[in-house]
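Please look at the sequence and the structure first.

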Amino acid sequence: MSETLKSRTRQSRTTPSRTGTALVTGAARRIGACIAETLHRRGCDVFLHYHSSADSVTGLAAQLDARRPGSATVVQADLGSSDGVEHLADQVRTATSSLDLLVNNASQFFPTTVGSTTARQWDELMNSNLRGAYFLVQALLPELAVGGGSVVNLLDVHASRPMRGHAVYCMAKAGLQMMTLALAKDLGPQIRVNGVAPGAILWPEQNSCGQDQQAILNKLVMGRTGEPQDIASAVAYLGLDAPYVTGQVLAVDGGRSLNI
Ligand SMILES: NC(=O)c1ccc[n+]([C@@H]2O[C@H](COP(=O)([O-])OP(=O)(O)OC[C@H]3O[C@@H](n4cnc5c(N)ncnc54)[C@H](OP(=O)(O)O)[C@@H]3O)[C@@H](O)[C@H]2O)c1
C-alpha cells in the first residue's frame, strides 16, 4: 500500500464522521429538542420541525443560531395529513439539495380502548407515528441519497411488546419498527435506516397516574428513568457515527425490555 493510501485509510478511520444537514421532526420540545441540540453541537445545520409549539421552537432556533448564525431553520407542518408532509418536504427542498440525516421523532401517545376506539384516534396515532414518517422519507429520498444520508426512527420498547390499553399506539410503533428494517433493505447501500427504542424517559405530560409510574420504575434495571440526552446520543451514534450499521434497533431503556 502506498504511503498516501495508508495515510488516507488512517485518516478515514480516525476522522470524526461527517456531519451536515439534519431534519428532526417534533423538535420543539422534550426529546426532539435534545436530539436537535445534540446534532447541532456535533456540527449539523438543523431543520427544526414543529406542529403547534411555535414559542418553544422559536426559542430553540434562536439559541442555536446564536451559537452558529444561520444554522437553524424552523419548519412547520402537520404530519397527520398528506399535504402537511409534502409541505414540510417542500420547505426542506427549497433550502437544501442534500439532507444527511432525517430523524422521525414526532409522535402522539394516548390510550385507546378496544371496543370504543374511534377512527379519529386511529388516524391520529397511525399518522403521527407511522404514515407521516414513511411519506416523509419517500418525499425526501433524492435529498437523502445525494450524500449517502441516513434515517433514524424513534420507536418504543412497546413496539415489540404491547402496553396494556395502548393497542393502536403499539401497532403504529410496530409498523415503524418494520419500516426501519424494510427500508434499510430497500434503500441500502445509499441510505442507512435505523431505530432507537426508548423506554421510560419523560412521562407524558397528560399522565397524572403516579401509581402506574411507580410500577414502571420498579421494572427498570437501572432503577431510574432515562434522560433525553441518552436518546439523543444514541440517535447521533446511529445517524452520524455508524457508517456500517443499518436495519438495527437500539433499545435505550435502562433494561426495561428485560422486564416487560
Ligand atoms: N417520552 C418517553 O419516555 C418515550 C418513551 C418511548 C418512546 N418515545 C418516543 O420518543 C419520541 C420522543 O418522545 P417525546 O415524549 O419527546 O414525544 P412527544 O412530546 O409526545 O411528541 C413530540 C412532538 O411530536 C409532535 N407531533 C405530534 N403530533 C404531530 C403531528 N400530527 N404533526 C406533526 N408533529 C406532531 C409534537 O410537536 P408540537 O409540540 O410542535 O405540536 C410534539 O412536540 C417519540 O417518537 C416517542 O414515541 C418516548
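## Around the ligand

By class, the shell around the ligand is made up of 11 nonpolar, 10 polar and four charged residues. This is a predicted model. There are 25 residues around the ligand, and those that come nearest are Gly26, Arg30, His51, Ser107 and Ile201. Helix 2, residues 30-41, gives the most to this shell, with three residues.

## Overall form

The protein chain has nine helices and seven strands. Its C-alpha trace spans about 65 × 40 × 40 Å along the principal axes. For 260 residues, a compact globule would have a radius of gyration near 18 Å, so the 19 Å of the protein chain agrees with that form.

Of the 260 residues, 40% count as buried. Among contacts in the protein chain with a separation of 6 or more, 75% come from residues 24 or more positions apart.

Nonpolar side chains tend to be buried together in soluble globular proteins. In this chain the largest nonpolar core holds 67 residues, of which Val24, Ile35, Val46, Leu48, Leu102 and Val235 touch the most other members. Helix 7, residues 167-187, gives the most to this core, with nine residues.

What does Ile35 touch, not counting residues up to four places away in sequence? The residues are Val24, Val103, Asn105, Ile231, Ala232 and Val235. Two of these, Val24 and Val235, are also listed among the core residues that touch the most other members.

Strand 4 covers residues 101-104, and both of its faces are covered. On one side Leu101 and Val103 are buried, and on the other Leu102 and Asn104 are buried.

Strand 4 runs parallel to strand 1, residues 21-24, and three bridges join the two. Within that pairing, Val24 has Val103 of strand 4 as its bridge partner. Strand 4 also pairs with strand 5, residues 150-154, in the parallel sense over four bridges. Here the bridge partner of Val103 is Val152 in strand 5.

How values were computed: Residues are numbered from 1 along each chain as its sequence is written. This is a predicted model: local features need pLDDT of at least 70, side-chain atom pairs count only at pLDDT 80 or more; totals for chains, interfaces and linings use all residues. A residue is near a molecule or strand if its C-beta atom, placed from the backbone, lies within 6 Å of it. Ala, Val, Leu, Ile, Met, Phe, Trp, Tyr, Cys and Pro count as nonpolar, Asp, Glu, Lys and Arg as charged, and the others, Gly among them, as polar. The radius of gyration is taken over C-alpha atoms; the globule rule is 2.2 Å times the number of residues to the power 0.38. A residue is buried if 20 or more other C-beta atoms lie within 10 Å of its own, exposed if 12 or fewer, and partly exposed in between; C-beta atoms are placed from the backbone. Two residues are in contact if their C-beta atoms, placed from the backbone, lie within 7 Å. A nonpolar core is a set of buried Ala, Val, Leu, Ile, Met, Phe, Trp, Tyr and Cys residues joined through C-beta atoms within 7 Å. Two strands pair if DSSP finds at least two bridges between them.
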